[in-house]
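Good morning, colleagues. May I ask you to look at the model on the screen while I go through selected parts of it?

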Amino acid sequence: MKMSRFHAPTLRDAPRDAELPSHKLLIRAGFIRQVTAGVYNLLPLGLRTVRKIAAIVRDEMDSAGAQEVLMPTVQPAELWEESGRWKKYGPELLRFTDRKGNDGCLGPTHEEVIVDLVRRDVRSYKQLPLNLYQIQGKFRDEIRPRGGLMRGREFMMKDAYSFDVDHDAARASYQSMYDAYFKIFARCGLDFRPVEADAGNIGGSMTHEFQVLADTGEDAIVSCSECDYAANVEMAELPAPAGDIGPAGDGAPQRVDTPGKKTVAEVTGFLGVGADRLLKTLIVVAASGEGDDETTEVYAAILRGDRELNILKVKRALGAHTVELADDATVVEVTGAPVGYAGPVGLSVPVLIDPEAARVVDAVCGANAADQHFIGVQLGRDFDPKRIIDLRMAEGGDPCPRCQGTLRAFRGIEVGHVFLLGTDYSEPMGCTFLDRNGKTAPMVMGCYGIGVTRIMAAAIEQRHDDKGIKWPVSLAPFECAVLSLGKPGDVVAQAAEEIYEGLRSAGVETLFDDRKERAGVKFADAELIGFPVVVVLGKRGLDSGQVEVKIRSDGSKYDVAIDGIVDFVTHQLGELAAR
């Protein structure tokens, strides 16, 4: 392909609203263009990379025994009503009514459609296991799309669904997909970690996220320094600590004035104690049940002042479907004081306390009165919690729950997610089969997603510099660029085109920059787009029988004889692909 005929509109500057490196570079390098908030066109460069990602995904899915299908984007509401998700899913589900008055939605995921497909055609255990996948566009009506392809409203995704006769077989299918994901992300040249995660709107009993490590990632994850344990901080288990914090006090707690001191920093600074001596008391509201049977209950969740509350842990501990921090009016109603002065002493609502906070003796806490706190508070003497449970968000430096190692903190970008669904969808939707004994049983399911377009953005977050993208060979839209520094039609341009044709004949995906542009523009665009290998030919090089070869990943340069350029480039690409 010659660049003079190739649509790659590079830009000097990124849009003002682009914050992440991948968003800026994909636009500047001519890979994408925005249509509306969270919705993008893929230009030729972008589509080439996305197709390469899809090809890797397709190859590994096929190798793992999955079969490709293609399902519709438009889905009828009746299927979602069968699964019970029509009302549960939330505003991200873009609902509509067609001209006949039928309700429907644009598919953010395809559990209901695939279950409907399988239940129509699969009748016997002899037809199982079955794993069907597709690579298709999804739409989720994100309230705040951000980061270009990182969190868009419309995106390309691979979603697979496994159907098995029992839970043991389903776990085997889950492991097969888990292993396939390792191969996929390794072939994409990504530095990643599989981490234990929350199932969210999908549901299921076991789930892992595959996180690409990047400082710009929106997910916080922790990984053990000694073993293979890794988890999203919202899911990370934390062992109960040993020993007490602070000396034991005598007598009743003392009420002290703390005028205008509400935050942890303000209270501890005013009283001259460490944040680990303060019992941070947060009022939360938990909702359980559905419809007319839904009930809400207010709790006090207590953790040390230097810790953050993990709402998901509270939700799981209470078996609630939602847990939220109480609004100001509820806090006043429960504690009798404004926000910032809550404490466990004398509270009428059930108290949940984190094991770390339960270790604190002679503690400081709110006195449930404006501008007042207690000092010298002790669990058991001054208040009795309903439960002592892990409530805190994991942090770097925490002990590993599986070994004697220490957790390290990372930022991550979720590019894949695997779920063991069980019968959450097959049972309510009647997706059953006849087992060996002729009895009817629900199929046991798993589902497995990969963000195809998000991988393109995540790879850039890991591989870029101030000049542009540094593509791994496996994802680069072109493996090599040939830059002619001569004028169109002159001997330099003719020699450069011969090199270009030689590389193409050798199977190297090559773009020939034959444009009537200054050398500086060509160099800048090559670095911006991120070709792994760049071959440069000018008059001086032609006279000496040599070309300059630049390796984008490490900036190395080589002078190579023209008659050996094809072998040199193919060797370099092989070396880069193996790294």
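Asn 368 is buried, at a relative accessible area of 13%. Here buried means under 20% relative accessible area, exposed means over 50%, and partly exposed lies in between, computed with a 1.4 Å probe on protein chains only. Asn 368 belongs to the loop that joins strand E18 (363-366) to strand E19 (372-377). Although Asn 368 is not a glycine, its phi is positive, about 55°. Asp 371 is found in the loop between E18 and E19, and it too is a non-glycine residue with a positive phi, of about 65°. Its relative accessibility is 35%, so Asp 371 counts as partly exposed. Most residues other than glycine have a negative phi, and most peptide bonds are trans.

Before I continue, a word on the source. This is a predicted model, in which local features need pLDDT of at least 70 and side-chain atom pairs count only at pLDDT 80 or more, while totals for chains, interfaces and linings use all residues. Residues are numbered from 1 along each chain as its sequence is written, and side-chain values use heavy atoms, with hydrogens and water left out. As for the labels, helices (H or I, at least four residues) and strands (E, at least two) are DSSP runs, numbered from the N terminus.

Which peptide bond is cis? The bond from Leu 128 to Pro 129 is cis, and its omega is near 5°. Pro 129 is placed in the loop between helix H4 (111-121) and strand E7 (130-139). Thr 109 is buried, with 2% relative accessible area. Its side chain makes a polar contact of 2.6 Å with the side chain of Glu 111. A polar contact is a pair of N or O atoms within 3.5 Å; within protein, one must be able to donate a hydrogen and the other to accept it, and residues adjacent in sequence count only if both atoms are side-chain atoms.

I turn now to helix H10. H10 spans residues 452-462, and 10 of its 11 residues are buried, so that the helix is mostly covered. Among the buried residues are Arg 454 and Glu 461.

What angle do H2 and H10 make? Helix H2 (residues 44-63) packs on H10 at about 110°, with the axes 9 Å apart. The axes are lines fitted to C-alpha atoms, for helices over the stretch in contact, and angles run from 0 to 180 degrees between N-to-C directions. H2 and H10 are therefore roughly perpendicular to each other; that term covers angles of 65 to 115 degrees. On the H2 side, the contact is made by Gly 46, Thr 49, Val 50, Ile 53 and Ala 54, and on the H10 side by Val 452, Thr 453, Ile 455 and Met 456. Contact means heavy atoms within 4.5 Å. By class, this contact of H2 with H10 has 6 nonpolar, 3 polar and no charged residues. Ala, Val, Leu, Ile, Met, Phe, Trp, Tyr, Cys and Pro count as nonpolar, Asp, Glu, Lys and Arg as charged, and the others, Gly among them, as polar.

Helix H1 (residues 21-28) also packs against H10, at an angle of about 110° and with the axes 8 Å apart. H1 and H10 are therefore roughly perpendicular to each other. Pro 21, Ser 22, Leu 25 and Leu 26 of H1 meet Met 456, Ala 457, Ile 460 and Glu 461 of H10. The contact of H1 with H10 divides into 6 nonpolar residues, 1 polar and 1 charged.

Next, helix H7. In H7 (residues 311-318), the buried residues are Leu 312, Lys 313 and Val 314. These buried residues pack against strand E14 (279-288), strand E16 (322-325) and strand E17 (351-353). The N-terminal end of H7 is capped by Asn 310, which has a side-chain oxygen 3.1 Å from the backbone nitrogen of Leu 312. After H7 comes Gly 319, with a positive phi near 65°.

I close with the whole protein. Its secondary structure comes to 14 helices and 31 strands, and 51% of its 579 residues count as buried. The C-alpha atoms fill a box of roughly 95 × 70 × 50 Å along the principal axes.

Note on methods
Parallel < 35°, antiparallel > 145°, perpendicular 65-115°, else oblique.
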